[in-house]
Amino acid sequence: MRAMTTHSAGTQQAILAGGCFWCTEAVLKDVRGVQKIESGYIGGHTPSPDYRSVCSGTTGHAEAVRVTFDPAQVSYKDLLGLFFATHDPTSLNRQGADTGTQYRSAVFPLTPEQDAETREVIADLTAQDVFGKPIVTTIEPATEFFVAEDYHQNYYENNPRQPYCMAVIAPKVSKMRQSYSDRLRA
């Protein structure tokens, strides 16, 4: 599938990489207006990457999510705000214990408007010194998006008792539910 896939009238897509795609999917899944999230790989140089090859760090791909959303319910800027609030955009090629370029913080704008809004959000967060350190999130061209293997889709929902899910994802989901409950589906 190409990054610029067609989607139903009235919806848009965003591609975001915030470390492990299981985490990003889990924290954005219940946001009001989000209709679909697919975990996958983008930004690399190897054709047809799979989980094992991406984890090796040799393909250049980032673990990312492709979010299909209704902009009448949640704007692209709001999604970016939630994205930046629920991962560490100041750690280069690392989120927690996950290290390597496959875990980089990156945004892959699909339109010139998304590119401009991404730059604006990063500039605003930087000007406000929200993180106390420089933001290292990259803005990269939206190349082909490869949907990850089926077992990666809805990973947290399907594996809540898995140790990584309990130790890493559950606290992020809890933070999202507490801090942004007004943005979640009822």
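**Around helix H1**

Modeller: Let's start with H1: 8 of its 8 residues are buried, so the helix is largely enclosed by the rest of the structure. Buried means under 20% relative accessible area, exposed over 50%, and partly exposed in between, with a 1.4 Å probe and protein chains only. Helices (H or I, at least four residues) and strands (E, at least two) are DSSP runs, numbered from the N terminus.

Biologist: What should I keep in mind about where this model comes from?

Modeller: This is a predicted model, where local features need pLDDT of at least 70 and side-chain atom pairs count only at pLDDT 80 or more, while totals for chains, interfaces and linings use all residues. Residues are numbered from 1 along each chain as its sequence is written, and side-chain values use heavy atoms, with hydrogens and water left out.

Biologist: OK, which residues in H1 are buried?

Modeller: Phe 21, Trp 22, Cys 23, Thr 24, Glu 25, Ala 26, Val 27 and Leu 28.

Biologist: And where does UniProt put the feature "active site"?

Modeller: At Cys 20, in an unreviewed entry. UniProt positions are given in the numbering used here, feature names are shortened, and annotations may be inferred rather than shown by experiment. Cys 20 is in the loop between strand E1 (12-18) and helix H1 (21-28).

Biologist: Is Cys 20 buried or exposed?

Modeller: Buried, because its relative accessibility is 6%.

Biologist: What does Cys 20 touch?

Modeller: Leaving out residues up to four places away in sequence, Cys 20 touches Glu 63, Asp 98, Tyr 103 and Tyr 164. Contact here means heavy atoms within 4.5 Å.

Biologist: How many disulfides does the structure hold?

Modeller: It holds 0 disulfides, a disulfide being a pair of cysteine sulfur atoms within 2.5 Å.

Biologist: Switching to the strands: what order do they take in the open sheet?

Modeller: The open sheet has 6 strands in the order E7-E6-E1-E3-E2-E8, with mixed pairing. Its edge strands are E7 (138-139) and E8, each pairing on one side only. Two strands pair if DSSP finds at least two bridges between them.

Biologist: How does E1 pair with E3?

Modeller: Antiparallel, over 5 bridges, with E3 covering residues 62-69. In that pairing, Ala 14 stands opposite Val 67.

Biologist: And what about E6?

Modeller: E1 and E6 (residues 105-107) run antiparallel and are joined by 3 bridges. Gly 18 stands opposite Ser 105, and Leu 16 opposite Val 107. As for burial, 6 of the 7 residues of E1 are buried, so E1 is largely enclosed by the rest of the structure.

Biologist: Another residue, then. Where does Gln 153 lie?

Modeller: Gln 153 lies in the loop between strand E8 (146-147) and helix H5 (155-158). Its relative accessible area is 15%, so Gln 153 is buried. Not counting residues up to four places away in sequence, Gln 153 touches Glu 25, Ile 37, Glu 38, Ser 39, Val 147, Ala 148 and Asn 158.

Biologist: Zooming out, how many helices and strands are in the protein chain?

Modeller: 6 helices and 8 strands. The chain is as compact as a globular protein of that length, because its radius of gyration is 15 Å, close to the 16 Å that the globule rule gives for 186 residues. That radius is taken over C-alpha atoms, and the rule is 2.2 Å times the number of residues to the power 0.38.

Biologist: What share of the 186 residues is buried?

Modeller: Buried residues make up 46% of them. Among contacts between residues at least 6 apart in sequence, 77% join residues at least 24 apart.

Biologist: Last one: which domain does UniProt list?

Modeller: The unreviewed UniProt entry places "domain: Peptide methionine sulphoxide reductase MsrA" at residues 13-165. That span is 30% helix and 22% strand, and its end C-alpha atoms lie 26 Å apart.
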